[in-house]
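Hi everyone, thanks for coming.

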Amino acid sequence: MAAFRDTFGETPQVVARAPGRVNLIGEHTDYNNGFVLPMALPFDTVIAASPLHNSTDDRAGSTMEVYSEGFGQARFTLSDDPAHTVTWARYVHGTGVMLADAGYEIGPWRGTIATDIPAGASLSSSAALEVATGLVFGALAGIAVEPTEMARLGQRVENEIMGLPSGMLDQLASIGSVAGHATLIDCADLTITPVPMPGDAVIVVLDTGTRRELVESAYADRQASCMAAARALGYDSLRDATLDDIERLDDPVLQARTRHVVTENARTLAAVEALRADDLSVLGVLMNGSHHSLQFDYEVSGPALDAISELARNCTGCFGARMTGGGFAGGAIALVAADKVEAFCHELLERYEPPAEQPPVAPVRLYPAMASAGAGLVA
Ligand code: GLA
């Protein structure tokens, strides 16, 4: 708000916020029509904006102006190709392009963006930017875009503009979460079910300070393998596969990828039951099992994620730990008894030694986090 007033000398007409997320369990299942169980974080991206008033009728043709605290300024018109816009602002530009492409009558605006979501830590800062942007476009145009539709448009930005064939986990978590709850999403029909988080446990985000490089190709490769396995089994997606199906596949790599998806879907549903029964020990075991499956069957973990998760499991008050998000680098999470969080963090930071083969490029940081509210308009 203050940044907007300082930059443009007026009060913004709308302010929208969208949180980052962690995924508690259900990893690499979203693009397989499976189950995911994320929660929104108390970190968010906030956009303050006002519409551009100009005399031209060509609303899509007028130049939008956005300022981001950490990244600087970007100017673009919605009728331009987002590929020519600076990378961080491409998410804003791309979201506008997708809304227009879907037939929404949106107009250009100017705005300021601030975020406290650590970038590159697997906390979905890009999805938060897409969702906050969508809310701004919608509010200024007086349009209510359905949450699942908004999430789908954010996914299209990733798929069609950023070239990442991701699912809808990140956007749905940012837009559909409820404070104090984890968010069970059935990615086959996009039903969202809030599941209360126990009050006596805290999720601690473990940012290894490592950042992804060149892993988009690995993500696309996993997605392609899952499609190939589903096709070979005669299914639309691996959602329909069972453990018995695995031996029908000839390729051991496809067998392993399928085993991950089938067992991860089962673990996610079991995790929901554990949450409902307030059984943190079972939830912790499921989280550890998820990490193991991602490390060995799906092969998307990395030395730092393995090391920090392994250490976390041996620190005071921890029920379980695993990588979260796409993998390879970035963040892991630990489920920790609420009254032991301080001791846990202290111990982990003291004992953690980043693996030499994957040194951090940013500080190793821990963030204890409660499940927070999904995106919305603030003003
Ligand atoms: C990234 C993608 C999501 C999801 C996760 C893995 O965060 O953006 O769609 O596939 O990886 O679960």
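Helix 3 is the top contributor to the lining of the largest pocket, giving four residues. Keep in mind as we go that this is a predicted model. Helix 3 spans 125–141, and it's one of several elements that each put at least two residues into that lining; the others are helix 2 (87–101), strand 5 (109–115), helix 5 (169–176) and helix 6 (216–233).

So where does this pocket sit? Domain 1 (2–193) and domain 2 (197–369) both supply lining residues, so the pocket lies between them. Its volume is about 1,100 Å³. In total 47 residues line the pocket, and if you want to find its centre, look for Tyr-91, Gly-120, Ser-125, Ser-126 and Arg-212, which lie nearest to it.

Okay, on to the ligand. Which residues surround it? Among them are Arg-21, Glu-27, His-28, Tyr-31, Ser-166 and Leu-169, along with Gly-325 and Gly-326.

Tyr-219 has a side-chain N or O atom 2.5 Å from an oxygen atom of the ligand. For Asp-30, a polar side-chain atom is 2.6 Å from a ligand oxygen. With Gly-167 it's the backbone: an N or O atom there lies 3.0 Å from an oxygen of the ligand.

Notes
Residues are numbered from 1 along each chain as its sequence is written. This is a predicted model: local features need pLDDT of at least 70, side-chain atom pairs count only at pLDDT 80 or more; totals for chains, interfaces and linings use all residues. Side-chain values use heavy atoms; hydrogens and water are left out. On a 1 Å grid over the protein atoms alone, a cavity is a set of points where a 1.4 Å probe fits but cannot get out, and a pocket is an open set with protein on both sides within 12 Å along at least five of seven lines; lining residues have an atom within 4 Å of a point. Grid points are joined across faces, edges and corners, and a volume is the space filled by probe spheres set on the points. Domain bounds come from an automatic or database domain assignment. A residue is near a molecule or strand if one of its heavy atoms lies within 4 Å of it. A polar contact is a pair of N or O atoms within 3.5 Å; within protein, one must be able to donate a hydrogen and the other to accept it, and residues adjacent in sequence count only if both atoms are side-chain atoms.
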